[in-house]
Amino acid sequence: MGVSGARVVHATTGEVGTAQQQGWLRRLGSALATYYTRAGRLDRACYLIGAVLFASGLFHLGVQLVVGGPWDGPVSWRKPFDFGLAFGLTVATLTWVTNFVPLRERTRAVLLTLFTAACVVEVAVITTQAWRHVPSHFNVSTALNARFAFTAAGGGAVIIITTLFMAVGAFWRNPAMPPSMRLAIRAGFVSFLVALAIGALMIGIGTNATRTISQAAAYTVATAFKSGHAATMHGILILPGLAWLTSFTNWSEKQRVRVVGLGCLAYLLAAGVVVVDTFTSVDPLAPLNAPVINTVLTIGGIIGLLTAGIRTLRQLPREPFGAGLERG
């Protein structure tokens, strides 16, 4: 089963010569653009939806600056800002990443459509409730608020299920995908699934607290896991992004695997420590109050990820340029 819509651009003499004339930065831009210009209608629609969701997040940052009000808590402009940016990036990321996952076109289309629709529902619910000046999560105070809360929970379930199917596809054998990209995508999906699992746990704990204690208590106990959720959310973008950049270097595939492997290990280490901190009631944003070993491991993970990224960026301008990955 081939990669849906993507291919490795082999470094033939003519291609490398063209890349040298264009310059490495221009080459990166033109290759990245192929994932839109050569994409079908579904991919283009998903990219545009992701851009709209991202823009909605930025818009609510502007609302905060103009209107003011609390930036934290169950009723704030931060929520549509956070969710708009996060889901906008996530829709665009999964649209791009699934180009490298060996799924049948019809299967990929169904999964991507459901995933994107669920993300839109999530952002729409959060945004609508913010403009109504009522909490969005765990709010069952009225029949309408309960419908919004249950709709958001249903959207979250769809996101988890579709992501699971995509992740399973990422672990299928696919000789057409470079080992470095395969490693990055698999690690990215593992990280993203952990983020979704923590998100589901937050919803479950908050819902239980709403029933047994109070709605106000639900926000306190659920948001205690927010740092772990955030730390693992974007590995699905960062790690494949690193692997994609290495494909434009003049390294051998073995060298690319080593650099990408360092990036994956470092990211998962740092994010994993944050998750442990979250579940042991340690504030990751207050490292001086955390156990020394946790702080050392987190800093080590960050340094390792930065090292992989900097090594790649330093190698990119060096000739001969690698042909890189683009959409076929």
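Is N294 buried or exposed? In this predicted model, N294 is buried, with a relative accessible area of 13%.

## Surroundings of N294

N294 belongs to helix α12, which comprises residues 292-315. When neighbours within four places in sequence are set aside, N294 is in contact with V273 and D277. The relative accessible area of 13% falls under the 20% limit, and N294 therefore counts as buried.

With a relative accessible area of 11%, Q315 is buried. Residues up to four places away in sequence being left out, Q315 touches T249, N250 and W251.

L316 is placed in the loop between α12 and β2, the latter formed by residues 325-327. L316 counts as buried, at 1% relative accessibility. Its contacts, again without residues up to four places away in sequence, are W24, L28, L245, F248, T249 and F321. One of these, F248, is 68 residues from L316 in sequence, yet the two C-alpha atoms are 6.4 Å apart in space. T249 is touched by L316 and also by Q315.

## Packing of α4 against α10

Two packed helices are described by the angle between their axes and the distance between the axes. For helix α4 (residues 78-97) and helix α10 (residues 235-246), the angle is about 45 degrees and the axes are 10 Å apart. The helix α4 is therefore oblique to α10. The crossing of this pair is left-handed.

On the α4 side, the contact is made by L89, T93, L94, W96 and V97; on the α10 side, I236, L237, P240, G241 and W244 take part. Sorted by class, eight residues of this contact are nonpolar, two are polar and none is charged.

## Packing of α6 against α7

Helices α6 and α7 pack at an angle of about 160 degrees, and their axes are 10 Å apart. An angle over 145 degrees counts as roughly antiparallel, so α6 is roughly antiparallel to α7. This crossing, too, is left-handed.

The residues of α6 that take part are I159, I160, T163, L164, M166, A167 and A170, and they meet I185, R186, F189, F192, L193, L196 and A200 of α7. By class, the contact consists of 12 nonpolar residues, one polar residue and one charged residue.

## Nonpolar cores

The largest nonpolar core has 45 residues, of which W96, F100, F115, M181, I185, F189 and W244 touch the most other members. At least two residues of this core come from each of α2 (24-37), α3 (41-67), α4, α5 (105-131), α6 (143-170), α7 (179-212), α10 and α11 (253-279). The greatest contribution is that of α7, with eight residues.

M181 touches W96, F100, P240, A243, W244 and L325, not counting residues up to four places away in sequence. Among these contacts, W96 and W244 also take part in the packing of α4 with α10. A second, separate core has nine residues, including I198, M202, A209 and A218.

## V260 in helix α11

V260 is found in helix α11. Its relative accessibility is 0%, and V260 counts as buried. Leaving out residues up to four places away in sequence, V260 touches S180, L183, A184, L242, A243 and T246. A243 is also among the residues touched by M181.

V260 and P179 are 81 residues apart along the chain, and their C-alpha atoms are separated by 9.7 Å.

H133 is found in the loop between α5 and α6. Although H133 is not a glycine, its phi is positive, at about 60 degrees. H133 counts as exposed, at 52% relative accessibility.

F138 lies in the loop between α5 and α6 as well. Its phi is near 60 degrees, a positive value in a residue other than glycine. F138 is buried, with a relative accessible area of 11%, whereas H133 is exposed.

Conventions: Residues numbered from 1 in each chain as written. Predicted model: local features only at pLDDT ≥ 70, side-chain atom pairs only at ≥ 80, totals over all residues. Heavy atoms only, no water. Axes fitted to C-alpha atoms, helices over the stretch in contact; angles between N-to-C directions. Helix = DSSP H or I, 4+ residues; strand = E, 2+ residues; numbered from the N terminus. Parallel < 35°, antiparallel > 145°, perpendicular 65-115°, else oblique. Left-handed = near helix turned anticlockwise from the far one by under 90°. Contact = heavy atoms within 4.5 Å. Nonpolar A, V, L, I, M, F, W, Y, C, P; charged D, E, K, R; others polar. Core = buried A, V, L, I, M, F, W, Y, C linked by side-chain atoms within 4.5 Å. Buried < 20%, exposed > 50% of the residue type's maximum accessible area, 1.4 Å probe, protein only.
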